[in-house]
Amino acid sequence: YDLLGTLQSNIYALLNTANFSISTKNKFTTIGCDTYGYLQIFENNSFAFATGCVSSCMNMSYVPDDGSCSGIGCCQTSIPKRVSHIEINAHSFYNHKNVSDFNPCGYAFVVEEAEFNFSTTYFHNFTEDMVPLVLDWGIWDNETCDEAKRNLTSYACGDHSDCYKAEIGHGYLCKCSKGYKGNAYLADGCKG
């Protein structure tokens with residue numbers, strides 16, 4: 001998915017993951033000074049709520065270059081659970097007029113938290129057009145494991161596997177039982 005909302009003028013990008021949810025292992029991230037980014041979250045094609053963050057600084061001396069997104073030059077906010085349709089917005093308060101000598105652009109995107117390290121070089125040279133993203137999923141035929149186990153012809157977990165409630169709140173997942181490894185969705189996929 002191309003998730004970057006790059007600020008040349010005020011801009012937005014849409015992300016709709018259909019049957020998947022955007023994992024809470026991701027962070028909504030905004031890079032820049034004189035920049036704010038926000039997410040608009042939609043449910044059933046209607047606006048539900050918004051969240052975001054602000055990054056404002058007047059010179060580079062305030063911006064840490066230690067890989068952390070501390071809120072100065074780069075800010076992050078959590079992704080709510082069970083979100084699958086979002087609009088990403090990046091904006092500038094003053095069109096980068098007061099910071100154009102060191103930060104002419106702003107960016108807003110959703111990225112896997114563990115895979116993102118901030119750098120001040122992003123102010124001048126953020127060349128990424130795609131970033132890593134984690135999606136949650138589950139087998140939605142049944143709401144719970146107990147319901148799923150009642151119909152063994154559609155039950156997706158193989159031998160030597162256990163059923164777990166999906167993290168997204170709908171459906172279930174299969175994992176190999178303790179002492180077994182492999183593909184828990186194949187009939188004989190978990191090997192001891």
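A residue counts as partly exposed when its relative accessible area lies between the buried class, under 20%, and the exposed class, over 50%. All views below show a predicted model.

**View 1. A nonpolar surface patch that includes Val54.** Val54 has a relative accessibility of 47% and therefore counts as partly exposed. Val54 belongs to strand S6, which covers residues 46-55. Together with Phe93 and Tyr94, Val54 makes up a nonpolar patch on the surface. The accessible area of these residues together is about 330 Å².

**View 2. The largest pocket and its lining.** The space in this pocket amounts to about 290 Å³. Its lining consists of 17 residues. Phe42, Glu43, Arg82, Val83 and Ser84 are the lining residues nearest the pocket centre. Strand S5, residues 35-43, supplies the largest share of the lining, with 3 residues. Sorted by class, the lining holds 7 nonpolar, 7 polar and 3 charged residues.

**View 3. The salt bridge between Asp188 and Lys191.** The closest N and O atoms of Asp188 and Lys191 are 3.1 Å apart. A search of the whole structure gives 1 salt bridge. Asp188 has a relative accessible area of 48%, so this residue is partly exposed. Lys191, with a relative accessible area of 47%, is partly exposed.

**View 4. Val110 in strand S9.** Strand S9 spans residues 106-112. Val110 counts as buried because its relative accessibility is 0%. Ile79 is 31 residues from Val110 along the chain, and the C-alpha atoms of the two are separated by 8.5 Å.

View 5. Most residues other than glycine have a negative phi. The relative accessible area of Asp34 is 5%, so Asp34 is buried.

**View 6. Asn44, a residue with positive phi between S5 and S6.** Asn44 is not a glycine, and its phi is positive at about 50 degrees. Asn44 counts as exposed because its relative accessibility is 74%.

How values were computed. Residues numbered from 1 in each chain as written. Predicted model: local features only at pLDDT ≥ 70, side-chain atom pairs only at ≥ 80, totals over all residues. Heavy atoms only, no water. 1 Å grid on protein atoms, 1.4 Å probe; cavity = no way out; pocket = protein on both sides within 12 Å on 5 of 7 lines; lining within 4 Å. Points joined across faces, edges and corners; volume = space filled by probe spheres on them. Helix = DSSP H or I, 4+ residues; strand = E, 2+ residues; numbered from the N terminus. Nonpolar A, V, L, I, M, F, W, Y, C, P; charged D, E, K, R; others polar. Patch = residues over 30% accessible without salt bridge, like charges linked within 9 Å, V, L, I, M, F, W, Y side chains within 5 Å. Areas by Shrake-Rupley, 256 points an atom, 1.4 Å probe, with all protein chains shown as cover. Salt bridge = Lys/Arg side-chain N within 4 Å of Asp/Glu carboxyl O. Buried < 20%, exposed > 50% of the residue type's maximum accessible area, 1.4 Å probe, protein only.
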